[in-house]
There are 2 protein chains.
Amino acid sequence: MGRDRATLADVARRAGLSKTAASMVLNGREGTRLSAEAHQRVFAAAEELGYRPNVAARSLRTRKTATIAFVSDIVATTRFAGGLIRGALDAARERDHVLLITETQGDPTFERYAIEAMLDRQVDGVVYAAMATRRLTVPPAILNGPVVLLNATSAENLPCVLPDDERAGRTVATALLQRGHRDRVALIGRNRLKERDSEVSLAAQARLRGIRETLSDAGTTLLAETFCGDWLPEHGYAAMRRLLNRPDRPTAVICMNDRLAFGAYQALGEAGLAVPTDISVVSFDDDPIAAWLRPGLSTAALPHEQMGRHAVEILLDGRSSGPSLVPMTLRRRRSIAAPAS
Amino acid sequence: MGRDRATLADVARRAGLSKTAASMVLNGREGTRLSAEAHQRVFAAAEELGYRPNVAARSLRTRKTATIAFVSDIVATTRFAGGLIRGALDAARERDHVLLITETQGDPTFERYAIEAMLDRQVDGVVYAAMATRRLTVPPAILNGPVVLLNATSAENLPCVLPDDERAGRTVATALLQRGHRDRVALIGRNRLKERDSEVSLAAQARLRGIRETLSDAGTTLLAETFCGDWLPEHGYAAMRRLLNRPDRPTAVICMNDRLAFGAYQALGEAGLAVPTDISVVSFDDDPIAAWLRPGLSTAALPHEQMGRHAVEILLDGRSSGPSLVPMTLRRRRSIAAPAS
DNA sequence: AACGCCCGCTAAACTGATTTAGCAGAGCAT
DNA sequence: ATGCTCTGCTAAATCAGTTTAGCGGGCGTT
C-alpha cells in the first residue's frame, strides 16, 4: 500500500529548491519571502509527481493527524448508528478529517483497549457516542484532549449533543391536541427503569415530561399510561390490547417509540380497528418502519445525521461546552385524524 | 490529545540502556543477545512509565500502520451496514488493528477523496464494501495494495466475500417443499433491473436461480411470479394483492426480501387471511423486522457480521483470491405451515 | 602472545515531514 | 569602504520510533 509515493524531497529536487522551500510553499505559509517563480516551480513539481504528503510523517512533527476517534458503545444492533456515523463522516470530510471508528460493546476491557488504540494513533479528538440517549461515565484516558459526547451526557459537563426529547414530547402532544384529541389520549411505553436510571435512558423521562406539560397546559391529562418491559413491538402489542379492553377506549395513543407503535398497529389490525379513523397514533424516532406502516406513522424524528455532524463540528470548530440540543421535527404522515366524536 | 506520553527514549534512559535495546526488547526480537536482566529492566521501565509506542513514528519506519481502510458506498441508509462493520471491527481488534471508515455515497469525487485520505494515512489494506450485493468497478488507486471486496465482486478477480444467495434460494424453496407446498408456490419480487444488471444486484439472480432449480428438481415450477418496481413494503403489498385476486390462490409465497414480505403481511391482514394457516411466507435477509412481525417471519439470514469478519481475516491473514461464499442460514420462525389442503 | 570468536550492547542512520536559525548577496546610506 | 537592512533561500534539528553496522571486552586456541 502506498509504495513509490513521491516525497517532499522529490518535489524539492524537481523544483530545484530545498525541502524547506517546498514545504512552505505547499503549506501556503504567510510571510515567507519565496518568489512567485519558486511557488510556480513547486506547485508544478508537486502536480507532476502527484505528490501527497505522508500524514504519519507530518503528524510526527505537528502532533496533528487530521483523524478523529469515533468511539461508541454499540453500533451494530441499532440502525440509528448509521445516521450518527454518516453525519460525523460528512462533517469530518468537509474539514479534511477522517474517522477512526471503534465499538466498545459496553465491555470495559474492549473500551480501554479501543481508547488506547486511538490514542496510540494520536487522534486529534474523540467523539464518544452512545446508541441510546443516556448518561455515561467517560473513561479518564480521553479527558486530556478534546471530547464531545454524542447522544449522551456525563458528570463532567463536557460538550455534548443530545436530541431535544422534551420538546419532542410537546410537539407530539400538541399535534394531537390540534386535531381535537384532549381527554382520551393514552400513552404506551411507561418504563420505570428507563425513567429512573439516566444511565439507561434520558429520552423516557424527557419525552414524558414534554407530553405531560403540554396536556396539563391544555387543562387535561393522559387517560391511561401503560407500562412496558421494553420498547419493542411485542410490548406495544400487549399494551394496546390492554388499552382496548378498557371501557373508555382512547381516541389517540402516543407511543414512546416507533417499535411500540408497530406493535400497537398489529393489535389494532387484529381487533379490526383502523388507524387513524378509529384511533390516531403518534410516536417518536422515525425508524424506517414508520414509513412502511399502513398508514404511515407520524413520528418525531431523531435527527441522527445532524447530531453526528454537530458533534464533529463542535469538536473541530470548538464551540460551546455543555449540552447542545438538536430539535426533533414531526414527520407528518397519515396516522393522525380528528377523533370520531 | 496524547501530550506527555513517555517515549522509547524515556524507557531506555530509565532502564539504563540504549533506545536500540529498549526497542528490541519491547518488540520481542529474536536473536538479539540482550541479557535476561536487560529484558527485565526494560519491561519494568515501560510498565512504570506507562509507555505506549507512537504508531505514527513507528509506521514512518516500518510502513505498517495496523490500520485498515473500510470504504463503502453507503452506510447510513441500510441497517445491514452495522453488521458488516461490527464483524470487521471484531476481526480487526483480534489482530490489533483499527478501522478507518469512509463512505463514498456513490459519488466518484467523494470516492477519490476518501481513498486518497486513506492512502495518505498509509493504511495496510482496504476493505471495499457495497451495501447491496453487486458487481462494481474498483478504483485503480487501491489496486497496488491488499484489497478485499465485501459484498461485491469486480472484473479483477480480487478476493471477495459474498453471501451464498443461490444456496439460500434452494434453502428457502426446500423449506416450503418439506412442509408440503409444491404446485402452488408464488414468488414476490421479480425485478428485471436487479436480475439483469449485476452492478445493481447479484442477489436477485442468484436467489431466483436457487429457487427455480430446487422446484424443478422436485418436478414443479412456480405458480406465479410477480414483478416489483423495487423491494420495498409497498411493492410487496401491491404484489400480494395482485396474487390474491387470482383464481388459484397460492398456498405459499416466497418474497425476495423481508421488506416485501412485510408488505405481503399487510395485504394478507387486510384481506383477513392468516399467516401461516391460510398462506405460508418465506423470505430473505433477516431484517430486524422479520422478528417483529406476527407471526415471526422465517427467512434466510444475510450473515453480515460473519462477512465483515471474514473480509478482514482474508485481508490480514492472507487467504484465497477469488470469491468466498458465506452461507445464509434459515431463521425458522412461525410463518411456514403445511398447506390447508 | 597473537588471533579469532562470541557476547552484550550502542551509535548513528533512516523514515518524511515541519520548523528554527541563519547565510549569501543586493541595495542603500554614510 | 563600511555598516545596515532587506530579500530569497537553505542547513540542520526535530518528532519517535526501527534497523544496520559495529565496538569493546572476555575467552579459548595455537
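In this predicted model, 45 residues of chain B are in contact with 45 residues of chain A. On the chain B side, the elements that contribute two or more residues are α4, α5 (81–94), β2 (98–103), α6 (108–120), α11 (258–270) and α12 (288–292). By class, this side of chain B consists of 23 nonpolar, 13 polar and nine charged residues.

Strand pairing also links the two chains. Strand β2 (residues 98–103) of chain A is joined by three bridges to β2(B), and the two strands run antiparallel. Within this pairing, A:Leu100 has B:Leu100 as its bridge partner.

The arrangement of the copies can be stated in terms of symmetry. Chain B is superposed on chain A by a rotation of 180° with 0.0 Å of shift along the axis, at an RMSD of 0.0 Å. This is therefore the relation of a two-fold axis. Both copies use the same surface, since 98% of the contact residues of chain B recur in chain A.

| DNA strand | Surrounding residues | Closest residues |
|---|---|---|
| DNA strand C | 25 residues | A:Thr7, A:Leu8, A:Ser23, A:Ala57 and B:Thr20 |
| DNA strand D | 25 residues | A:Ser18, A:Thr20, B:Leu8, B:Ser23 and B:Ala57 |

For DNA strand C, α2 and α4 of chain A and α2 and α4 of chain B each provide at least two residues of the nearby surface. The largest share, five residues, is that of α4(A). The surface near DNA strand C comprises 10 nonpolar, nine polar and six charged residues.

For DNA strand D, at least two residues of the nearby surface come from each of α2 (19–26) and α4 (55–62) of chain A and α2 (19–26) and α4 (55–62) of chain B. Here α4(B) gives the largest share, five residues. The surface near DNA strand D is made up of 10 nonpolar, nine polar and six charged residues.

The largest nonpolar core contains 190 residues, and A:Val127, A:Ala264, B:Val127 and B:Ala264 have the most contacts inside it. Apart from neighbours within four places in sequence, A:Ala264 is in contact with A:Ile188, A:Gly236, A:Tyr237, A:Met240, A:Val253, A:Cys255 and A:Val281. A second, separate core has 11 residues, among them A:Val11, A:Ala21, A:Val25 and A:Tyr51.

Definitions and conventions: Residues numbered from 1 in each chain as written. Chains lettered and ligands numbered in written order. Predicted model: local features only at pLDDT ≥ 70, side-chain atom pairs only at ≥ 80, totals over all residues. Core = buried A, V, L, I, M, F, W, Y, C linked by C-beta atoms within 7 Å. Buried ≥ 20, exposed ≤ 12 C-beta atoms within 10 Å, placed from the backbone. Contact = placed C-beta atoms within 7 Å. Least-squares fit on C-alpha atoms with pLDDT ≥ 70 in both. Near = placed C-beta within 6 Å. Helix = DSSP H or I, 4+ residues; strand = E, 2+ residues; numbered from the N terminus. Nonpolar A, V, L, I, M, F, W, Y, C, P; charged D, E, K, R; others polar. Pairing = 2+ DSSP bridges.
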